Amino acid sequence: MRLTEFWRRMNAHFGEAYADSFARDHVMTELGGRTVHQALDAGWEAKDVWRAVCSAMDVPAAHR
């Protein structure tokens, strides 16, 4: 998954303003105690970060 697709999905699910806030501030155990931005900066694949977000935030299957 490309980062552009990742951010498109984040924006579609959370809304543009909240997607960035969530990605910056929400520490997730699924990402090893990192935020979305920290995980991506640490080299995590966007698809794996998206899967973690989906799992943690109960994103409906149709949006995964």
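**View 1. Surroundings of F6.** Beyond its neighbours within four places in sequence, F6 is in contact (heavy atoms within 4.5 Å) with M1, V36, L40, A46, V49 and W50. The model is predicted: local features need pLDDT of at least 70, side-chain atom pairs count only at pLDDT 80 or more, and totals for chains, interfaces and linings use all residues. Residues are numbered from 1 along each chain as its sequence is written, and side-chain values use heavy atoms, with hydrogens and water left out. F6 lies in helix α1. Helices (H or I, at least four residues) and strands (E, at least two) are DSSP runs, numbered from the N terminus. F6 counts as buried because its relative accessibility is 0%. Buried means under 20% relative accessible area, exposed over 50%, and partly exposed in between (1.4 Å probe, protein chains only). W50, one of the contacts of F6, is 44 residues away in sequence; the C-alpha to C-alpha distance is 6.7 Å.

**View 2. The buried face of helix α2.** Helix α2 covers residues 16-25, and A19, F22 and A23 are buried in it. Seen down the axis of α2, these buried residues fall within an arc of 95°, so they line one face of the helix. The arc is that of the directions from the helix axis to the C-beta atoms. What do the buried residues of α2 pack against? Their partners are α1 (3-14), α3 (36-41) and α4 (46-57).

**View 3. T35 in the loop.** T35 sits between α2 and α3, in the loop. T35 has 5% relative accessibility and therefore counts as buried. With neighbours within four places in sequence left aside, T35 is in contact with A23, R24, D25, H26 and V27. One of these, A23, is also among the buried residues of α2.

View 4. The protein chain has four helices and zero strands. Along the sequence the pattern is α-α-α-α. The radius of gyration is 10 Å, close to the 11 Å that the globule rule gives for 64 residues, so the chain is as compact as a globular protein of that length. The radius is taken over C-alpha atoms; the rule is 2.2 Å times the number of residues to the power 0.38. The C-alpha trace spans about 25 × 20 × 20 Å along its principal axes. Of the 64 residues, 30% are buried. Among contacts between residues at least 6 apart in sequence, 39% join residues at least 24 apart.
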